[in-house]
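My notes follow in the order I made them.

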Amino acid sequence: MKDVTFTKRIKIVESIYDDHETLNPKLEKIIREQGDRQNYRTALKAHMTEMNMLKEDNSEPFHELSDYIYKESLSISPAFYKPTFIDCWGGLYKVGHHAEIHDHWPALYSFVYYVNVSEECSPLVLTDCGFHYIKPKNGLLTVFPGWIKHFVPKQESSHERIIVSGNISPKSIYEST
Ligand SMILES: [Fe+2]
């Protein structure tokens, strides 16, 4: 094993979902109804829903979002692929909540979507060689390679920070559908 340093520009998605004003209240309602299901046992030290909301009852809003996430991920993918959403959860940050630095290896892509935030809420910070801040804005989606380390600084705003996050990998090339 050997460490090698490369300098390379990385493509990420930062785009606004056109219909977010209709979609986001539906996502928020479900996230609030679920409450905290993870008891702070993941890197996310905030309220967190079940790990894969795409498999829960009334998951249509999450499926609508996942279609958009997949489409956007193709814009940074060097090749066409069919997705498997490994997981897709909701997060609700109150004052003092944060996410520890972590990555989502071996997921191909990870994503964060802002559901209900204010400009004073904590950003998502991508960090590898340096820092890149994804500032909170309702309807903003970011998709980035799953190996990139990231964290959320301690939330200081009293405006709750509500997000959807998760991971995508390619379907096996041996699967026909
Ligand atoms: Fe993460």
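Entry 1, the five-stranded sheet. I find an open sheet of five strands in the order β2-β5-β10-β7-β8, with antiparallel pairing. Its edge strands are β2 and β8 (130–134), each of which pairs on one side only. I call two strands paired if DSSP finds at least two bridges between them. I looked up β7 (residues 124–128) and β8, and they pair in the antiparallel sense over five bridges. Thr-127 has Phe-131 as its bridge partner in β8.

Entry 2, ground rules. I note that this is a predicted model, in which local features need pLDDT of at least 70 and side-chain atom pairs count only at pLDDT 80 or more, while totals for chains, interfaces and linings use all residues. Residues are numbered from 1 along each chain as its sequence is written.

I traced a second open sheet, in which six strands take the order β1-β9-β6-β11-β4-β3 with antiparallel pairing. Helix α2 (residues 60–74) lies across β1, β4, β6, β9 (140–145) and β11, and runs at about 55 degrees to β9. I count two residues as in contact if their C-beta atoms, placed from the backbone, lie within 7 Å. Axes are lines fitted to C-alpha atoms, for helices over the stretch in contact, and angles run from 0 to 180 degrees between N-to-C directions.

Phe-111 has Gly-166 as its bridge partner in β11, and Ser-110 has Asn-167. With β9, β6 pairs antiparallel over five bridges. There, Val-112 stands opposite Thr-142, and Tyr-109 has Pro-145 as its bridge partner. Eight of the eight residues of β6 are buried, so the strand is largely enclosed by the rest of the structure. My cut-offs are 20 or more other C-beta atoms within 10 Å of a residue's own for buried, 12 or fewer for exposed, and partly exposed in between, with C-beta atoms placed from the backbone.

Entry 5, strand β9. I find β9 mostly covered, with five of its six residues buried. Four bridges join β9 to β1 in the antiparallel sense, and Val-13 stands opposite Val-143.

Most residues other than glycine have a negative phi, and most peptide bonds are trans. Which bond is cis? I found a cis peptide bond between Trp-105 and Pro-106, with omega about 10 degrees. Pro-106 is in the loop between β5 (98–102) and β6. Asn-39, in the loop between α1 and β2 (44–45), has a positive phi near 55 degrees. Asn-39 is exposed, with 8 other C-beta atoms within 10 Å. Asn-58, in the loop between β3 and α2, has a positive phi of about 50 degrees. With 11 C-beta neighbours inside 10 Å, Asn-58 also counts as exposed.
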